[in-house]
Amino acid sequence: NIAWNEKNNSGELGKIRKQQWQNSPVEITFSHPLNISYFYLAGTAPKSRKFLSIGISTVKRVRENYLMDTLQSIFERSSYEELEQMVVVIYLADFDVSWNLKTTEEIKAKFTSHISAGHLLVIQCSKHIYPRLAGLKRNYNDPQERVQFRSKQNVDYAFLVNFCSELSDYYLMLEDDVFCAKNFLSSMKKFINLSKGSSWTTLTFSKLGYIGKLYHSVDLPKLARFLLMFYDEMPCDWLLELFHRSKAQPNEMRFKPSLFQHMGTYSSFQGKHNKLKDDEFQEHMGSLPDNPPALVFTDIPVYEQYLPAKAYELGVGQFWGKSLKEGNYFLVVFEHPVKVSKICVLTGSPEHKGDILRSGILQVGRDKATENDHQGCKTYSQLGTFDAGRFEMENVTNHFSEAMECVRALVTEDQTDWLIISEVNIWIEKEK
């Protein structure tokens, strides 16, 4: 044992204990799951490691229950190949054991084939391993019932992510009242591949709360400890944001459009009415853009840290500029010439619908050159105009068949409103 309170290391006893400490095989690590006992109510852990585990924590609701609809959506919106790469874990977190057993029987009745195929399992933990939930401090002046609910919810999620830490390469956090986009897993895999150059902790696939948060499974033991450490301090979605910030990911990395939609009308907290909807959800996803390597420039005054490159890098953010004048530009200069099949440039945002490009054209260029330390192209051809802040064109090669080196949005009239460019998406012509 280590003698932490040894006062005098100059004596023989101090030397012996110092030597014992130096030779101790004990290693302090946060990479292993916590030693928590789980009860399997349906299904078993997969025999081989999956690509993705999906964790859903659920409790008894005062009003409508959406768990079965959520599971139905996950399975119906996934192909057979996608299902073989995932496992869904339902954590029945209610302290009412009879409700847990009843819900398990309902899950078994409706999703027998998925349980048998190893796509679904149901677990619970004992109430007695939970920390104190009554009489907690009332941060943010929340009522005691709210404090108890959110504190227990943090522990629920900690136990769930801890269980899933060795099931798969990645972990997706969902709620028990969501609707999924078709083939959401394939879209997520593409975004993961596009994000390989960055050291991310969390990728986000919905703009609501803790729906659609993706983690490396190797981080889950740390996340479980983090949630338990601060379980009584603040709501889970705030803690999840602090977690990725504490691991040196300062900003959210969110995929657009959203892959998951909140379907519930009533909250799991006291059955309160909840109208939250994700206005960026898209049920049917097209192919993801390629956005080949490029540099992005603008002469529009930039607001704070909303730099032009953020609109081009998938999931990173948006460009925000002000004081637009006729002749201002937003320019993408490709690293190598590319043949482009489709271009889509979106301006404005759900929060700032008026910050669109009101009058502008989109051009493509050739003959890349640098002049006065500014990169660009010598010649440009106009593809079309922005309509209600949006430019989108398919079959670009029918209008510009050569390989292009620049794409430029040009302001054609002064405007008083600021400008948000939320997405610049480029699809490359595929070889036939």
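Biologist: Why is the disulfide of cysteine 377 and cysteine 406 called right-handed?

Modeller: Look at the torsion about the S-S bond: it is about 90°, so this disulfide is right-handed. Keep in mind that we're talking about a predicted model.

Biologist: What makes cysteine 377 and cysteine 406 a disulfide here?

Modeller: The cut-off for two cysteine sulfur atoms is within 2.5 Å. From S to S, cysteine 377 and cysteine 406 are 2.1 Å apart, so the pair passes. By this rule the count comes to 1 disulfide.

Biologist: Which parts of the chain does that bond tie together?

Modeller: Cysteine 377 sits in strand S15 (residues 374-385) and cysteine 406 in strand S17 (residues 404-411), so the bond links parts 29 residues apart in sequence. Both cysteine 377 and cysteine 406 are buried.

Biologist: How do you know whether cysteine 125 is buried or exposed?

Modeller: Buried means under 20% relative accessible area. Cysteine 125 comes in at 11%, so cysteine 125 is buried. Cysteine 180 has 0% relative accessibility, so cysteine 180 counts as buried by that cut-off too.

Biologist: And how much of the chain counts as buried?

Modeller: Of its 432 residues, 51% do. The chain exposes about 21,800 Å², with carbon and sulfur atoms supplying 49% of that.

Biologist: Let's turn to the sheet S11-S18-S13-S16. What makes strand S11 and strand S16 its edge strands?

Modeller: Strand S11 (319-321) and strand S16 (390-394) each pair on one side only. The sheet is open, has 4 strands and pairs in the antiparallel sense. On average, its neighbouring strands are turned by 20° against each other, direction ignored.

Biologist: How do you know that strand S13 and strand S18 pair?

Modeller: Pairing takes at least two bridges. Strand S13 (residues 340-347) and strand S18 (residues 419-428) have 7 bridges, so they qualify, and the sense is antiparallel. Threonine 347, for one, stands opposite isoleucine 421 in S18.

Biologist: Where is confidence lowest and highest?

Modeller: Among the helices and strands, helix H1 (residues 12-22) is lowest, with a mean of 53, and strand S3 (residues 86-92) is highest, at 97. The mean pLDDT of the chain is 87, and 89% of its residues reach 70 or more. Over residues 1-10, pLDDT stays under 50. For that stretch the model has 10 contacts beyond four places in sequence.

Technical notes: Residues are numbered from 1 along each chain as its sequence is written. This is a predicted model: local features need pLDDT of at least 70, side-chain atom pairs count only at pLDDT 80 or more; totals for chains, interfaces and linings use all residues. Side-chain values use heavy atoms; hydrogens and water are left out. Helices (H or I, at least four residues) and strands (E, at least two) are DSSP runs, numbered from the N terminus. Buried means under 20% relative accessible area, exposed over 50%, partly exposed in between (1.4 Å probe, protein chains only). Axes are lines fitted to C-alpha atoms, for helices over the stretch in contact, and angles run from 0 to 180 degrees between N-to-C directions. pLDDT is the predictor's confidence in each residue, from 0 to 100. Contact means heavy atoms within 4.5 Å. Accessible areas come from the Shrake-Rupley method with a 1.4 Å probe; for residues, only the protein chains shown count as cover.
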